[in-house]
Amino acid sequence: MDKLIITGGARLDGEIRISGAKNSALPILAATLLCDGPVTVGNLPHLHDITTMIELFGRMGIEPVIDEKLSVEIDPRTIKTLIAPYELVKTMRASILVLGPMVARFGEAEVALPGGCAIGSRPVDLHIRGLEAMGAVIDVEGGYIKAKAPEGGLRGAHFFFDTVSVTGTENIMMAAALAKGRSVLQNAAREPEVVDLANFLNAMGAKVSGAGTDTITIDGVERLGSAFYKVMPDRIETGTYLVAAAVTGGRVKVKDTDPTILEAVLEKLREAGAEITCGEDWIELNMQGLGRNAVRVGCGG
């Protein structure tokens with residue numbers, strides 16, 4: 001698609017189902033590598049990045065089974081190679097998320113740097129340092145991160161993130177799930193997607209607490225078991241449709257979402273004059289024909 005053509009002026013009115021969150025689905029898919037049996041992940045969004053992650057698993061010898069409802073079953077026991085090749089990693093930076101799980105579960109991994117052999121500061125330094133704190137030996141050469149766990153496996157560690165990193169927090173949290181002893185991650189990312197990953201890990205038998213705060217504690221376990229888990233709804237998609245209806249003075253009901261992940265956004269929309277009602281898995285917004293100027297109230301505009 002070369003361009004989008006939008007003819008404005010219409011009042012939006014309708015209902016729409018919200019997809020699963022991509023930023024939650026990708027680390028959850030990566031975390032299935034930690035399990036010693038088949039895992040089913042539901043509510044996956046129909047996006048290119050999800051297809052790429054599934055293709056990456058296929059390259060490693062895993063054969064994901066996808067049904068018509070976009071649920072995927074993954075059995076990591078069939079893995080044949082622990083290499084994530086550059087031709088796939090370069091198309092999706094989130095591929096780095098397989099690094100921690102593979103080192104923790106299989107003892108080694110070889111994952112291409114998202115930027116290849118480019119010289120300069122790497123955005124994955126926090127991932128590398130976190131794994132090194134748990135005893136991993138890591139070499140970066142030829143555009144690849146080559147990591148090996150110490151004899152006996154990764155060890156729990158205290159690790160402070162110099163800068164808040166969502167994928168860094170997720171990668172180290174996944175690795176710590178199978179490490180021996182307790183890990184404490186400080187200055188950790190607090191996004192709802194990090195909480196969703198922690199909930200998935202716990203569904204498989206991990207012991208993760210504190211997700212959603214800046215300090216996450218993980219007590220390593222010997223194994224993680226099979227589970228079924230639904231990815232959380234996409235808060236960005238939910239907010240986009242709500243705001244789109246608001247700016248046109250319209251009405252929208254977004255379904256299969258979670259009002260608790262958008263409390264700040266909903267409060268601002270109420271301040272702007274929106275009438276909002278919520279159920280357990282839906283949000284309805286009605287601007288009652290108010291003009292677009294109304295949505296500027298309290299928004300700093």
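1. V41 and its bridge partner. In this predicted model, V41 is bridged to V72 of strand β4. The strands concerned are β2 (residues 39-42) and β4 (residues 72-74), which run antiparallel and are joined by three bridges.

2. The sheet around that pair. Strands β2 and β4 belong to an open sheet of four strands, in the order β3-β4-β2-β13 and with mixed pairing. The edges are taken by β3 (65-66) and β13 (228-230); each has a single partner strand, so one side of each has no neighbour in the sheet.

3. Two aromatic pairs are counted in the model. One of them joins F159 and F161, whose ring centres are 5.0 Å apart with planes at 90 degrees; the pair is therefore edge-to-face, since planes over 60 degrees apart fall in that class. F159 has a relative accessible area of 8% and is buried, and F161 counts as buried at 0%. The rings of F200 and Y229 have centres 5.5 Å apart and planes at 55 degrees, which makes that pair tilted. Y229 sits in strand β13, whereas F200 is in helix α7 (residues 192-203), so the pair ties together parts that are 29 residues apart in sequence. F200 is buried, with 0% relative accessible area; Y229 also counts as buried, at 13% relative accessibility.

4. Helices α1 and α2. How is the packing of two helices described? By the angle between their axes and the distance between the axes. For α1 (residues 22-31) and α2 (residues 48-59), the angle is about 5 degrees and the axes are 10 Å apart. Because angles under 35 degrees count as roughly parallel, α1 is roughly parallel to α2. On the α1 side the contact is made by K22, A25, L26, L29 and A30, and on the α2 side by D49, I50, M53 and F57. Sorted by class, the contact of α1 with α2 has seven nonpolar and two charged residues, and no polar ones.

5. T217. Is T217 buried or exposed? T217 counts as buried, because its relative accessibility is 17% and the cut-off for buried is under 20%. T217 is found in strand β12 (residues 215-219). With neighbours within four places in sequence left aside, T217 is in contact with R182, S183 and V184, and also with K207, V208 and S209.

Key
Residues are numbered from 1 along each chain as its sequence is written. This is a predicted model: local features need pLDDT of at least 70, side-chain atom pairs count only at pLDDT 80 or more; totals for chains, interfaces and linings use all residues. Side-chain values use heavy atoms; hydrogens and water are left out. Axes are lines fitted to C-alpha atoms, for helices over the stretch in contact, and angles run from 0 to 180 degrees between N-to-C directions. Helices (H or I, at least four residues) and strands (E, at least two) are DSSP runs, numbered from the N terminus. Angles under 35 degrees count as roughly parallel, over 145 as roughly antiparallel, 65 to 115 as roughly perpendicular and the rest as oblique. Contact means heavy atoms within 4.5 Å. Ala, Val, Leu, Ile, Met, Phe, Trp, Tyr, Cys and Pro count as nonpolar, Asp, Glu, Lys and Arg as charged, and the others, Gly among them, as polar. Buried means under 20% relative accessible area, exposed over 50%, partly exposed in between (1.4 Å probe, protein chains only). Two strands pair if DSSP finds at least two bridges between them. Rings of Phe, Tyr and Trp (its six-membered ring) pair if their centres lie within 6.5 Å; planes under 30 degrees apart count as stacked, over 60 as edge-to-face and the rest as tilted.
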